Amino acid sequence: MGIGCQVTNRTTGDSFTCTEGQSVLKAMEQWGVKCVPVGCRGGGCGFCKIRVVEGEYECGKMSRAHAPPEAIEQGEVLACRVYPVTDLTIECLEPSAPGETSEQTTTRALR
Amino acid sequence: MKKGVMRPGHVQIRVLDMDEALKHYTDLLGLIETDRDDHGRVYLKAWTEVDKFSVVLRPAEEPGMDFMAFKVVDEASLQQLEKDLADHGVEVEQVPEGELKDCGRRVRFNAPSGHTFELYADKKYTGKWGITEVNPEAWPRGLDGMKAVRFDHCLLYGPELAATYDLFVNVLGFYLAEQVLDGDGTRIAQFLTLSTKAHDIAFIHHEEKGKFHHASFYLETWEDVLRAADLISMTDTSIDIGPTRHGLTHGKTIYFFDPSGNRNEVFCGGDYNYPDHKPVTWQAEQLGKAIFYHDRVLNERFLTVLT
Ligand SMILES: [Fe+2]
């Protein structure tokens with residue numbers, strides 16, 4: 001292993017290497033890849049939610065509001081808190097799950 | 001301060017991992033731990049603050065803000081405010097003395113924005129940290145990291161800004177220092193104050209109730225803000241944006257995140273005002289410049305990344 005795990009985003013086709021102890025999001029940012037939205041990087045805001053479709057990984061602490069146990073079971077986790085153990089295949093999720101930041105807020109519409 | 005509400009008193013912030021959080025708020029921000037309780041909460045203060053604590057961290061499974069509290073001048077004013085809140089149709093909850101250690105009784109209520117606020121009149125006076133009350137030195141030795149001077153304000157995101165304005169201005173005695181108006185004249189951001197500071201509390205319109213944007217801490221100089229940025233890099237702390245300047249308030253600032261994803265700000269400078277000043281208005285078309293004066297565009301994160 002030594003050189004780390006390969007992470008492939010099958011939605012966008014991007015691929016990058018994640019070194020030991022590095023989160024998927026951190027590795028992505030370090031490689032200058034932009035295939036997952038970057039939010040707080042602390043498991044709090046839910047911005048970087050992805051689905052892991054293949055591979056093994058460990059998870060750090062995540063907000064229960066954005067990564068409840070049912071979601072984690074489905075591989076729906078926050079990229080900033082995903083630490084690959086093997087190569088991973090991930091995919092992007094549709095942005096607005098109910099209860100999450102809605103698309104039609106006034107502040108957003110103003111931009 | 002015309003209704004006796006004096007200043008921001010404390011904020012209780014939820015964190016996912018207490019050890020990580022504590023390292024962030026003490027080693028990096030430079031707050032001082034003053035106590036702990038059996039709920040696992042940790043009490044902190046900045047060195048110039050005279051009361052025992054201003055930040056309470058609570059271990060939880062979801063980050064965000066539990067409540068923000070304002071200190072009231074005395075018990076008589078607190079009783080009057082309780083009546084005024086009830087007359088305004090606001091449901092008030094009594095939190096007994098000692099629920100937060102060394103804090104007097106608190107009057108808790110929800111604002112239409114979905115946030116919880118408290119008023120209290122008493123908290124243990126411990127004096128400024130590390131300097132004497134008589135013939136004090138300029139600053140204490142032994143401060144860590146950014147050496148935050150004080151907990152200054154919170155920015156909160158939620159709906160019903162007009163009703164929230166009504167509560168804060170007409171019942172609690174805040175006044176409007178700055179605002180952002182959209183094309184129809186609807187207020188989409190309101191910066192409210194009790195003092196000559198540009199804001200003691202601020203709200204930005206957002207559909208979802210009760211969201212936490214940031215807790216802000218005051219630094220003395222621009223050099224201190226740059227030094228804070230250095231420390232953010234040295235500690236590999238998650239940065240949001242800055243160092244830069246806000247259009248709103250004209251404060252010089254940097255935003256970053258605590259290890260649970262709650263946003264923090266340290267800033268210096270900014271406009272002053274008195275209650276006779278007309279509110280400063282920014283137009284929504286200029287929102288980018290209003291928020292980030294140099295970039296003149298909003299980053300996506302500012303509007304959507306919340307806890
Ligand atoms: Fe702020």
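Some housekeeping. This is a predicted model, where local features need pLDDT of at least 70 and side-chain atom pairs count only at pLDDT 80 or more, while totals for chains, interfaces and linings use all residues. Residues are numbered from 1 along each chain as its sequence is written, chains are lettered from A in the order in which they are written, and side-chain values use heavy atoms, with hydrogens and water left out.

Back to the interface. Chain B puts 28 residues into the contact and chain A 27 residues, contact being heavy atoms within 4.5 Å. The rule finds 3 salt bridges across the interface, each defined as a side-chain nitrogen of Lys or Arg within 4 Å of a carboxyl oxygen of Asp or Glu. One of them joins B:Asp17 to A:Lys61, at 3.6 Å from N to O.

Which elements of chain B supply the side that touches chain A? β12 (201-205) and α6 (300-304) each supply at least two residues. The largest share, 4 residues, is from α6(B). Helices (H or I, at least four residues) and strands (E, at least two) are DSSP runs, numbered from the N terminus. By type, that side of chain B has 12 nonpolar, 7 polar and 9 charged residues. Nonpolar covers Ala, Val, Leu, Ile, Met, Phe, Trp, Tyr, Cys and Pro; charged covers Asp, Glu, Lys and Arg; the others, Gly among them, are polar.

Now the rings. Over all chains the count is 16 aromatic pairs. Rings of Phe, Tyr and Trp (its six-membered ring) pair if their centres lie within 6.5 Å; planes under 30 degrees apart are stacked, over 60 edge-to-face, the rest tilted.

B:Phe70 and B:Phe168 are edge-to-face, 6.3 Å centre to centre with 80 degrees between the planes. B:Phe70 is in strand β5 and B:Phe168 in helix α3 of chain B, so the pair ties together parts 98 residues apart in sequence. B:Phe70 is buried at 1% relative accessible area, and B:Phe168 is buried at 0%. Buried means under 20%, exposed over 50%, partly exposed in between (1.4 Å probe, protein chains only). Both rings belong to one aromatic cluster that also includes B:Phe109, B:Phe117, B:Phe174 and B:Phe203.
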